[in-house]
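Subject: Structure for you to look at

Hello,

Here is the structure I promised to pass on. Please open it first, then read my notes below.

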Amino acid sequence: MSTGDAVHDAPTGDSSNSDGSSRRYFLIQATSVVGAAGAVGAAWPFVSYWSPSEKAKALGAPVKIDLSKLAPGEMLSPIVAWRGKPVFVVRRDAETLASLETDTEMLADPDSEVAEQQPDFAVNAWRSERKEYGIFLGVCTHLGCSPKYVVTDNFVETGQGGFFCPCHGSRFDMAGRVVKGVPAPSNLEVPPYRFESDTVVLIG
Ligand code: FES
């Protein structure tokens with residue numbers, strides 16, 4: 001296992017809502033390690049992933065990902081690392097996409113007005129180049145914990161999923177947009193990327 005590519009778990013913590021309710025979350029944790037080719041192949045049942053050399057990655061080389069087997073509602077797992085940071089890739093279904101356009105009242109920056117947090121192509125309701133796929137750095141904008149993917153009920157108001165940071169309770173929607181009144185000051189960062197085909201994306 002290559003420690004240089006490790007994508008670490010977020011610190012464990014109470015995943016209940018800040019109101020103390022014991023809502024059950026369905027979490028997909030960032031538990032995996034992107035390492036030697038053999039290990040990657042053995043632990044990669046759903047998607048293909050090609051990794052550049054260790055030296056190239058240290059310099060921030062792009063990372064290519066095949067999304068062809070990522071189903072609606074899923075987040076890519078194991079988590080891919082780019083420049084030492086976890087990259088969350090989610091495939092959003094039609095209901096989620098509709099919610100991203102209309103359920104914005106609880107968001108601090110629904111229109112992605114903080115320019116540093118995304119490339120220009122991601123200044124839209126989905127914060128992405130293609131509506132279906134959301135791609136974000138899995139680093140909380142408060143103090144850098146890795147949020148957890150919550151498939152459903154991250155938001156009482158809509159029942160939609162999103163990302164929950166267990167360190168201090170920040171929540172983000174399925175476009176990585178931060179909720180008002182939580183410690184995180186801004187939306188999750190969208191890395192630079194481009195699609196090489198309908199299902200192959202190059203991060204970086
Ligand atoms: S690091 Fe995420 S809420 Fe503090």
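Which residues of helix H3 (residues 94-102) are buried? They are Thr96, Ser99 and Leu100. These three cover an arc of only 105° around the axis, which puts them on the same side of H3. Ala94 and Thr102 are on the other side of H3, and they are exposed.

Please keep in mind that this is a predicted model.

Now the overall layout. The protein has three helices and eleven strands. Starting at the N terminus, the order of elements is β-α-β-α-β-β-β-α-β-β-β-β-β-β. There are 204 residues in the protein, and buried residues make up 36% of them. Take the contacts between residues at least 6 apart in sequence: 59% of these join residues at least 24 apart.

Next, a sheet. Three strands form an open sheet in the order E4-E5-E6, and the pairing is antiparallel. E4 and E6 stand at the edges. Each has a single partner strand, so one side of each is left without a neighbour in the sheet. From one strand to the next, the twist averages 35°.

How many bridges join E4 to E5? There are three, and the two strands run antiparallel. Valine 80 stands opposite valine 87 in E5. Tryptophan 82 has lysine 85 in E5 as its bridge partner. E4 and E5 form a hairpin with two residues between the strands. Arginine 83 takes a positive phi there, near 55°.

On to the pairing of E5 with E6. It is antiparallel too, and it covers five bridges. Phenylalanine 88 has phenylalanine 136 in E6 as its bridge partner.

Why is E5 described as largely enclosed by the rest of the structure? The reason is that five of its seven residues are buried.

The core has 38 residues. Those touching the most other members are Ile65, Val80, Val87, Phe88, Val89, Ile135 and Ile203.

Valine 89 deserves a separate look. Leaving out residues up to four places away in sequence, valine 89 touches Ile65, Leu67, Met75, Leu76, Tyr133 and Ile135.

Last, arginine 91. This residue is in strand E5 (residues 85-91). Is arginine 91 buried, partly exposed or exposed? Arginine 91 has 17 C-beta neighbours inside 10 Å, so it counts as partly exposed. Setting aside neighbours within four places in sequence, arginine 91 is in contact with Leu70, Ala71, Pro72, Gly73, Glu74, Glu132 and Tyr133. Glycine 134 is 43 residues away from arginine 91 in sequence. In space, the two are 6.4 Å apart, C-alpha to C-alpha.

That is what I have for now.

Best wishes

Methods:
Residues numbered from 1 in each chain as written. Predicted model: local features only at pLDDT ≥ 70, side-chain atom pairs only at ≥ 80, totals over all residues. Helix = DSSP H or I, 4+ residues; strand = E, 2+ residues; numbered from the N terminus. Buried ≥ 20, exposed ≤ 12 C-beta atoms within 10 Å, placed from the backbone. Contact = placed C-beta atoms within 7 Å. Core = buried A, V, L, I, M, F, W, Y, C linked by C-beta atoms within 7 Å. Pairing = 2+ DSSP bridges. Arc of directions from axis to C-beta. Axes fitted to C-alpha atoms, helices over the stretch in contact; angles between N-to-C directions.
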